[in-house]
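The following explanation is intended to be read beside the sequence and the 3D structure. Please keep both in view.

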Amino acid sequence: MRPLEPELERRRAEHLYRRRRVLGSAQGPLLQMDGKSLLSFCSNDYLGLANHPDVIAALQRGAGQYGAGSGSAHLVSGHSAAHHALEEELAAFTGRPRALLYSTGYMANQGIITALLGRGDTLYQDRLNHASLIDGGLLSRAELKRYPHNDLAALAARMACQSGGDALVAVDGVFSMDGDLAPLPELARICQEQQAWLMVDDAHGIGVLGRDGRGSVDHFGLDDQAVPILMGTLGKAFGTFGAFVAGSEALIETLIQQSRSYIYTTALPPAVAEATRASLRLVQAEEWRRERLQQLISRFREGAAQLGLALMASETAIQPILAGSAEQAVAWSQALEDQGLLVTAIRPPTVPEGSARLRVTLSASHTVDQLDRLLEALGKLNREMGV
């Protein structure tokens, strides 16, 4: 049995060691973290719904009716009326015949890919896809072919060489560490030409982009024929927890029969489903949240440009500032924390070597004054440390 300590020491020496922080407050711009008051710019609560009173009240009512837990898997005795209603509402929201709840986005991506592909099939993935998509591909035992980020010519060339079996292209709608969008119309065209499935993980687009927050697929004006497999998470813009896949009747029934991460796990607590139903109503009704978020994004990018900061090409709530080395990213993050701001340093293997960064994320719950405080702190950091 090999000792584990040397690997941990290596991670510390290379500034790659991860540590948990203890949150002592509800989600929001102002957090109590490890006993300190910090202004946070690292949450995925894009619309500010995680601590919304309507969502909290729905969670409490759901717990009063259904209890704290679901007690079983969906296919045993754990599929409640709350789950069923949420699935129907998510299907209508996304404009698809059916939707299916998963306990997490990670489980959804693994469950979808492994249910649809196996030996002899081929899975094509963007190199910057989320780890859950990559891991789902490895578990499926299909041949995994990765193409350079958003390189359509490279994807088309790889797909032209496929000799048999089914093909699936899996891609993030909004890339979680870069904040840019996948070229979904072009990907849909290539998949239709090659008779391949297109699967979009819209974890960071659903609720934020498109009409009433219907996501990146709607943002590009695509339907369920162009994108037959849509996965969305509920723990980001929706402010709750869990995930879903939306698609055809045949797709959902296939997943119910064959998706191991759906079949063999306890269902999401029904109270969380009730909270998400309330959140879904807010997502659709309160367009001002998306409008405010876009205003904050524009203000941040304009302010960063005036400071001479080198931002990446993102028009979403995810605004990375490239540091290069993990050591530099950690130093920048600590310097901001010393000024009372929480901005996470993202390091390999989450991002490729040499592309460690600060990952600034904005929320509709941020105020202009709070955003200006971040810009002021980044300006100071730029003068002192060369951001």
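This is a predicted model: local features need pLDDT of at least 70, side-chain atom pairs count only at pLDDT 80 or more; totals for chains, interfaces and linings use all residues.

Residues are numbered from 1 along each chain as its sequence is written, and side-chain values use heavy atoms, with hydrogens and water left out.

Seven strands form an open sheet with mixed pairing, in the order β3-β9-β8-β7-β6-β4-β5. Strands (E, at least two residues) and helices (H or I, at least four residues) are DSSP runs numbered from the N terminus, and two strands pair if DSSP finds at least two bridges between them. Because β3 (98-102) and β5 (143-147) stand at the edges with a single partner strand each, one side of each has no neighbour in the sheet. On average, neighbouring strands of this sheet are turned by 20° against each other, direction ignored. Within the sheet, β7 (residues 197-201) and β8 (residues 229-233) pair in the parallel sense over three bridges, and Asp201 stands opposite Met231 in β8.

Two helices pack on this sheet. Helix α4 (residues 81-94) touches β3, β8 and β9 (243-247), and its direction makes about 125° with that of β3. Helix α10 (residues 249-258) also touches β3, β8 and β9, but its direction makes about 30° with that of β3. Contact means heavy atoms within 4.5 Å; axes are lines fitted to C-alpha atoms, for helices over the stretch in contact, and angles run from 0 to 180 degrees between N-to-C directions.

Helix α10 also meets helix α5 (residues 105-116): their axes come within 10 Å and cross at roughly 95°. That makes α5 roughly perpendicular to α10, a term for angles of 65 to 115 degrees. Gly111, Ile112, Ala115 and Leu116 in α5 meet Leu251, Thr254, Leu255 and Gln258 in α10. By class, this contact has five nonpolar, three polar and no charged residues.

Another open sheet has three strands in the order β1-β2-β11, with mixed pairing. Its edge strands, β1 (30-33) and β11 (341-342), each pair on one side only. Strand β2 (residues 36-40) runs parallel to β11, joined by two bridges, and the bridge partner of Ser40 in β11 is Leu342.

Ser40 is also among the residues lining the largest cavity, together with others including Asp45 and His366. The volume of this cavity is about 70 Å³.

Terms used: On a 1 Å grid over the protein atoms alone, a cavity is a set of points where a 1.4 Å probe fits but cannot get out, and a pocket is an open set with protein on both sides within 12 Å along at least five of seven lines; lining residues have an atom within 4 Å of a point. Grid points are joined across faces, edges and corners, and a volume is the space filled by probe spheres set on the points. Angles under 35 degrees count as roughly parallel, over 145 as roughly antiparallel, 65 to 115 as roughly perpendicular and the rest as oblique. Ala, Val, Leu, Ile, Met, Phe, Trp, Tyr, Cys and Pro count as nonpolar, Asp, Glu, Lys and Arg as charged, and the others, Gly among them, as polar.
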